[in-house]
Amino acid sequence: ADLVIGQPENEWFDAKTDHYLYGRGEEGKVKLARAVAQFCNGEQGGVVVVGMKTIKAPGRASEQVGKLTPVPITRSTARQYRDALEKHLFPFPEGLTIDVVSTAQTVGRGYVVISLPPQPEELKPYLVHGAFLSGKVEGSYFTIVRRSGEDGLPVHAAQVHNMLVTGRAFLRHGLGPAQADLQRMSNATSTAPKPES
């Protein structure tokens with residue numbers, strides 16, 4: 001783990017100081033799902049490591065791992081993380097692994113390493129079931145996040161609408177986005193009232 005000190009957070013690596021789950025209820029589970037979903041919706045996949053504190057990187061805008069903060073681990077830690085992701089992340093990512101790595105120095109402490117390969121484009125976007133409203137988790141909402149550099153950014157409603165329209169056009173007509181736009185324009189001009197002569 002010492003070799004990771006100095007590693008900057010970036011489009012494929014995210015470090016967290018403490019557990020998402022313990023003592024945080026649904027909020028921690030939704031935050032965990034958001035952290036993983038941003039890599040699912042990206043191009044490269046990624047790695048989330050719990051048990052490493054970041055600091056501002058000298059002369060850079062990004063943060064880097066500055067200190068190791070091993071977290072309490074048990075035999076059920078990996079299962080608890082997986083259960084939270086199965087509940088709050090849809091679809092469940094292909095090839096996702098959750099490893100719990102013990103430290104040699106301290107018994108019962110270590111790191112949680114969540115890694116996933118790039119996800120198939122046809123399964124995107126990955127949705128997080130649950131959103132924060134007025135400091136509470138509301139289960140009837142969902143969010144879509146993507147990775148941008150070292151940050152997770154929400155996907156704008158216009159982008160979500162475009163994805164839905166494109167998918168529906170393809171299912172209905174077998175058209176890609178450009179053909180769907182041409183078809184809509186053609187339909188609009190053919191149904192427009194004719195000028196009177």
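Me: In β8, which residue is the bridge partner of Val49?

Reply: That's Val113. Keep in mind that we're looking at a predicted model. As for the strands around that pair, β2 (residues 46-50) and β8 (residues 109-116) run antiparallel, with five bridges between them.

Me: And in which sense do β1 and β2 pair?

Reply: Parallel, over four bridges, with β1 covering residues 13-16.

Me: How many of the residues of β2 are buried?

Reply: Here's the general idea: side chains in a regular strand alternate between the two faces of the sheet. In this case β2 is mostly covered, with four of its five residues buried. Over the chain of 197 residues, 36% count as buried.

Me: Let's turn to the helices. At what angle do the axes of α1 and α2 cross?

Reply: When two helices pack, you describe them by the angle between their axes and the distance between the axes. Here α1 (residues 25-40) and α2 (residues 77-88) cross at roughly 80°, and their axes come within 9 Å. Angles of 65 to 115 degrees count as roughly perpendicular, so that's what we call α1 and α2.

Me: Which residues in α1 meet α2?

Reply: From α1 you have Glu26, Lys29, Val30, Leu32, Ala33 and Val36, and they meet Tyr81, Ala84, Leu85, Lys87 and His88 in α2. Sorted by class, this contact has seven nonpolar, one polar and three charged residues.

Me: How many helices and strands are there in the chain?

Reply: Four helices and twelve strands.

Note on methods: Residues numbered from 1 in each chain as written. Predicted model: local features only at pLDDT ≥ 70, side-chain atom pairs only at ≥ 80, totals over all residues. Heavy atoms only, no water. Axes fitted to C-alpha atoms, helices over the stretch in contact; angles between N-to-C directions. Helix = DSSP H or I, 4+ residues; strand = E, 2+ residues; numbered from the N terminus. Parallel < 35°, antiparallel > 145°, perpendicular 65-115°, else oblique. Contact = heavy atoms within 4.5 Å. Nonpolar A, V, L, I, M, F, W, Y, C, P; charged D, E, K, R; others polar. Buried < 20%, exposed > 50% of the residue type's maximum accessible area, 1.4 Å probe, protein only. Pairing = 2+ DSSP bridges.
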